[in-house]
Amino acid sequence: MGYQWNWGVFLQPSAAGDDTYLGWMFAGLKMTIALSLSAWVIALLLGAIVGVLRTAPNKVLAGLATAYVELFRNIPLLVQLFIWYFVLPELLPKALGDAFKQSNPVFQMFSASMICLGLFTSARVAEQVRAGINSLPKGQKNAGLALGFTLPQTYRFVMLPMAFRLIVPPLTSEFLNIFKNSAVCSTIGLLELAAQGRQLVDYTAQPYESFIAVTVAYVVINVIVMTLMKKLEDKVRVPGYMGGK
Amino acid sequence: MYEFDWSSIPGSLPFLWDGMKISLEITLTAVIFGIVWGTLLAMMRLSSVKPLSLFAAGYVNFFRAVPLVMVLLWFFLIVPKFIEQLFNLPPGTDLRLTSAMIGFALFESAYYSEIIRAGIQSVPKGQMAACYALGMTYGQAMRLVVLPQAFRNMVPLLLTQAIILFQDTSLVYVSALADFFGAAYKVGDRDGRLVELLLFAGLVYFVICFAASTLVKRLQKKYHPA
Amino acid sequence: MIKIENVSKNYGSFDVLKDCSTTVNKGEVVVVCGPSGSGKSTLIKCVNGLEPFQSGQIIVNGTSVGDPKTNLSKLRSHVGMVFQHFELFPHMSITENLAIAQIKVLKRSKDEAMDKGLKLLDRVGLKAHAHKFPGQLSGGQQQRVAIARALAMDPICMLFDEPTSALDPEMINEVLDVMTELAQEGMTMMCVTHEMGFAKRVAHRVIFMDHGRIVEDDSKDAFFANPRSERAQQFLAKILQH
């Protein structure tokens with residue numbers, strides 16, 4: 001084949017001269033992590049609220065929550081991202097839209113990506129939260145109410161703590177998904193890990209090394225997240241339930 | 001306030017439809033290949049032959065750890081060059097569509113394999129024992145008894161995965177291939193009407209996917225009442 | 001203490017409760033029995049408003065349960081309830097189970113709640129298990145904790161919804177013993193149960209329900225000596241054979 005392997009390329013100074021190519025990769029890795037974690041915070045908060053509302057006795061609230069979930073689940077992530085990034089600034093009041101368009105481009109890309117990933121994932125988290133709540137025995141809610149808790153208190157002290165423990169495994173896979181989905185944000189020019197990989201191919205002319213390194217980085221993120229979540233799972237395991245002792 | 005102008009859509013419908021055909025083509029190929037290869041992977045994973053189950057586990061875990069965008073980039077930027085050199089094709093042969101299909105199929109089969117594995121495991125162990133007691137071979141038992149039951153349980157999940165896959169095909173955007181989304185983006189970019197075209201694309205995807213997932217839910221109720 | 005007047009409830013065209021009326025006086029122990037599906041569990045859940053009803057009214061300690069203006073949480077906080085499936089909160093230790101509602105609903109201090117909880121736990125004979133989780137206890141033990149949890153709220157009366165029907169036979173007595181003791185101390189109790197031995201021992205009155213109606217409502221002695229309705233006779237015959 002005649003391909004010249006050269007793993008040393010990562011230690012060479014980059015085209016811009018201020019960094020090595022390895023430095024580029026780490027910059028991308030940092031961006032991927034920052035984006036995924038901030039989007040995850042949004043996803044968890046909104047997902048918990050929407051998931052709870054889906055189980056609410058109030059039909060209007062439950063209906064709105066269902067519409068929210070369906071909206072974000074049935075449009076491809078890429079399309080949602082482009083709508084946040086290209087469409088929304090146009091539809092905002094002119095002053096606000098212009099201010100956004102004149103802000104730091106990295107800020108524009110990052111905030112659109114964060115909101116997009118956060119809301120997209122929140123719909124999926126909401127489904128897990130709802131499933132967790134619905135899997136609790138119905139008597140738990142009654143027991144909470146019978147002790148004099150209000151309905152919000154019953155959710156807060158009785159149902160949600162248990163539901164969240166039950167859904168740690170599916171939430172783990174959503175958490176992993178957010179890292180993987182963050183790669184979609186390379187399409188609007190955000191220099192996260194996948195985008196840096198592409199850039200490395202262009203600049204180093206060592207496509208195999210570049211892509212292998214980036215792919216391995218994703219696998220490593222995956223392994224680290226799984227290990228951490230396994231620890232969390234063990235920590236919140238309820239004695240006497242779900243395989244706890 | 002932004003002034004909408006939807007006039008570039010009607011004239012572009014044939015072009016958009018061509019794009020939709022590509023999206024559907026990729027979806028269909030990947031679903032079929034994904035189910036076939038996914039079934040084989042699932043059977044390997046459950047097999048008692050260590051190398052087979054290790055290979056299948058490695059394959060599935062690898063593809064589930066890597067972003068689809070990354071897999072597609074491999075199949076657009078690296079694999080075509082590799083194939084060109086391997087088969088001595090003239091440089092510049094357009095392998096993008098073939099490459100996209102292969103990439104999707106290999107990626108999705110990992111997800112299908114997990115669904116199918118769970119389906120096979122949901123069939124009671126006694127079924128297999130009963131087949132052996134009747135003198136069937138492993139292959140016969142799988143083909144005639146276990147898989148038909150497993151697939152029946154899995155139909156809704158397999159279809160839901162197909163809907164996700166259809167949404168994911170929009171990611172061939174990274175190869176500048178004109179699938180439905182790519183076509184919509186091109187029209188919007190050309191006419192300076194990106195806002196309208198992106199909203200239109202979002203609406204079309206929503207209508208298709210919402211209708212499809214509603215159908216799947218109905219089907220699920222029919223198969224598994226209550 | 002508890003006054004139920006002409007209460008009816010239906011799901012669409014299906015009547016769950018038909019024109020039920022009865023009273024439970026202070027210090028009285030009333031056992032509600034009847035075949036499954038007769039509406040007895042629904043009736044007892046109406047008393048603290050866990051189940052809504054369409055007509056009639058229920059007055060608990062002077063408060064109307066069905067009145068939309070009633071603060072149901074406040075009412076429930078001093079009406080104890082014990083469930084068929086215990087319904088301890090699985091993610092909390094036994095002490096936390098006992099303390100949580102005292103702290104959050106009655107606004108007691110943490111120390112006070114813990115103190116009270118432990119005292120009651122001791123009373124049901126489970127002090128040694130204070131730091132365990134519900135899933136680590138047997139059914140009978142869980143139910144005793146559930147009774148202690150209800151008592152920790154200083155209830156003015158207690159509702160029992162089939163407290164022993166989810167238990168293995170050898171555990172039924174440990175729960176009934178606790179209930180008997182409570183009754184002897186003068187607690188006002190309304191118990192849905194099939195335990196006729198318990199009814200004979202401690203009940204003042206027995207209510208027999210069938211098809212959503214209160215068919216008999218009589219003193220214990222009259223009920224067991226001579227049930228008036230045929231259905232109650234059949235029911236007793238079946239249940240007492242064992």
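1. Strand E6 of chain C is the main contributor to the lining of the largest cavity. E6(C) gives 4 residues, the most of any element. The strand spans 79-82. Note that the model is predicted.

2. That cavity has a volume of about 100 Å³.

3. What is the make-up of the lining of the largest cavity, in nonpolar, polar and charged residues? The count is 11 nonpolar, 2 polar and 2 charged.

4. How many cavities of 30 Å³ or more are there? The count is 2. The second largest cavity has a volume of about 30 Å³.

5. The lining of the second largest cavity draws on chains A and B. Chain A supplies Leu176(A), Phe179(A), Lys180(A), Tyr218(A), Ile221(A) and Asn222(A). Chain B supplies Ala65(B). Two helices of chain A, H8 (168-181) and H10 (207-236), each give at least two residues to this lining.

6. By residue class, the lining of the second largest cavity holds 5 nonpolar residues, 1 polar and 1 charged.

Technical notes
Residues numbered from 1 in each chain as written. Chains lettered and ligands numbered in written order. Predicted model: local features only at pLDDT ≥ 70, side-chain atom pairs only at ≥ 80, totals over all residues. Heavy atoms only, no water. 1 Å grid on protein atoms, 1.4 Å probe; cavity = no way out; pocket = protein on both sides within 12 Å on 5 of 7 lines; lining within 4 Å. Points joined across faces, edges and corners; volume = space filled by probe spheres on them. Nonpolar A, V, L, I, M, F, W, Y, C, P; charged D, E, K, R; others polar.
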